[in-house]
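Open the structure in a viewer and keep the sequence panel beside it. The stops below say what to select and what is there.

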Amino acid sequence: MIFEVEKIREEFPILKSQVGKYPLIYLDNGATSEKPQCVIDRIQKYYEEENANIHRGVHHLSQISTDNYEKARKIIQSYLNARFDHEIIFTKGTTDGINLVASSFGKLLKEGDEVLITEMEHHSNIVPWHMLVEEKGIVVKYIPLKQNGELDLSTLDELLTDRTKLLSITHISNSLGTINPIKEVIEKAHQNGTKVLIDAAQSLQHTKVDVQELDCDLLVFSGHKVFGPTGVGILYGKEELLNELPPYQGGGDMIKTVSMERTTYNDLPHKFEAGTPNIVGGIALGTALEWLSGFDMEQVEAYEHELLLYATKRIKEIEGVKIYGEAEHKSAVLSFLVENIHPYDIGTLLNQQGVAVRTGHHCTQPIMDFYSIPGTIRASFSFYNTKEEIDQFITALQKAVNMLGA
Ligand code: PLP
């Protein structure tokens, strides 16, 4: 194997933890990733040596802090291959980024305009559009799911109409692992004159994302899922579009001038960054992506795929297991149920054996409705996981199933 997993694991102090008498087996990477030492150190260094508010001070610390924050923006620009650093907007995360777009882009929408999403979206890519249905009378349409967890893209021509102003679609499903062919979808949408927002919450930690190659208009992701801190994320947008969009929140930093009568707005990226941001979060997100750029993402993908195939094969040895999400192109996510056992009971017994998985609807209730199930048990892998951990997970799962008497 070209991949030195044990060396990578050494960089993650939390992976050495115990849960009671069991070693931690962390298989909840879809919810959040663990953090390498360099990210943890960067946060500590910031508070010990650099803390000051940015963009406003002429003093030493403020300049250092501002420089490092703007340096992080450039790292992120380069990681995504965006054309300009001002196309990178710091947000609180994916949810915040989508809400920013819904609020801002939403101001330009009129009654009857359509936003096209899919049946596999996370709630954060459904609810903001529902809110616009209430506020503006827009129409939300859905690309339907197929039984195997892929999207039925044969419907796309019919669903894209002259009123479809935006297509907002997840790259990778957090519940099913499906990798959507977004490049083709973007191309189709553009032929229709429709802008495209990509939810990349489950992407960068597993695969290379190049916004110019994809030609997406907007893209969002969360820092905490890509080995960075919580409370920070990114909205990428093409310069021209971001310039057309009205600001989202008003306050400090996003203004050029304020008089008693009126406000003029700042240039990109500041127009969308009102108030004091998560400064250390932005800087440490830069560190996380710098760290990630040290890996060959094709190797990461290949290794994670190996983990997925192995886990899929092993879990099928357990009687009564049904897997949800069997797309041809699939990320390392295993969503499943065991016949006649509630997912929560399995999750609890796995936890008692040190295995961290997620149970429930994973903020994708329409997917659960599609399969007529209340939720699933989800094991989601990262490239610091190992086959030995999968073996331990399967042993723990078999024990749980035996105890619960399926
Ligand atoms: N979209 C997808 C596909 C996700 O997996 C998640 C989180 O699980 C989100 C959006 C929301 O991300 P956050 O809670 O970091 O804003």
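The tour goes to the ligand and then to a cavity.

The model is predicted, so to read it: local features need pLDDT of at least 70, side-chain atom pairs count only at pLDDT 80 or more, and totals for chains, interfaces and linings use all residues. Residues are numbered from 1 along each chain as its sequence is written, and side-chain values use heavy atoms, with hydrogens and water left out.

**Stop 1: the ligand**

Select the ligand and the residues that surround it, among them Thr 94, His 122, Asp 199, Ser 222 and Lys 225; a residue counts as near when one of its heavy atoms lies within 4 Å. By class, this shell has 1 nonpolar, 9 polar and 2 charged residues (Ala, Val, Leu, Ile, Met, Phe, Trp, Tyr, Cys and Pro are nonpolar, Asp, Glu, Lys and Arg charged, the others, Gly among them, polar).

Next, show distances to ligand oxygen atoms. For an N or O atom in the side chain of Ser 222, the distance to a ligand oxygen is 2.6 Å. At Thr 94, a backbone N or O atom lies 3.5 Å from an oxygen of the ligand.

On its own the ligand has 400 Å² of accessible area, and the protein covers 85% of that (Shrake-Rupley method, 1.4 Å probe).

**Stop 2: the largest cavity**

Now select Asn 29, Gly 30, His 206, Val 333 and Phe 381, which are among the residues lining the largest cavity (on a 1 Å grid over the protein atoms alone, points where a 1.4 Å probe fits but cannot get out; lining residues have an atom within 4 Å of a point). About 50 Å³ of space lies inside this cavity, a volume being the space filled by probe spheres set on the points. Its lining divides into 3 nonpolar, 7 polar and no charged residues.

Definitions and conventions. A polar contact is a pair of N or O atoms within 3.5 Å; within protein, one must be able to donate a hydrogen and the other to accept it, and residues adjacent in sequence count only if both atoms are side-chain atoms. On a 1 Å grid over the protein atoms alone, a cavity is a set of points where a 1.4 Å probe fits but cannot get out, and a pocket is an open set with protein on both sides within 12 Å along at least five of seven lines; lining residues have an atom within 4 Å of a point.
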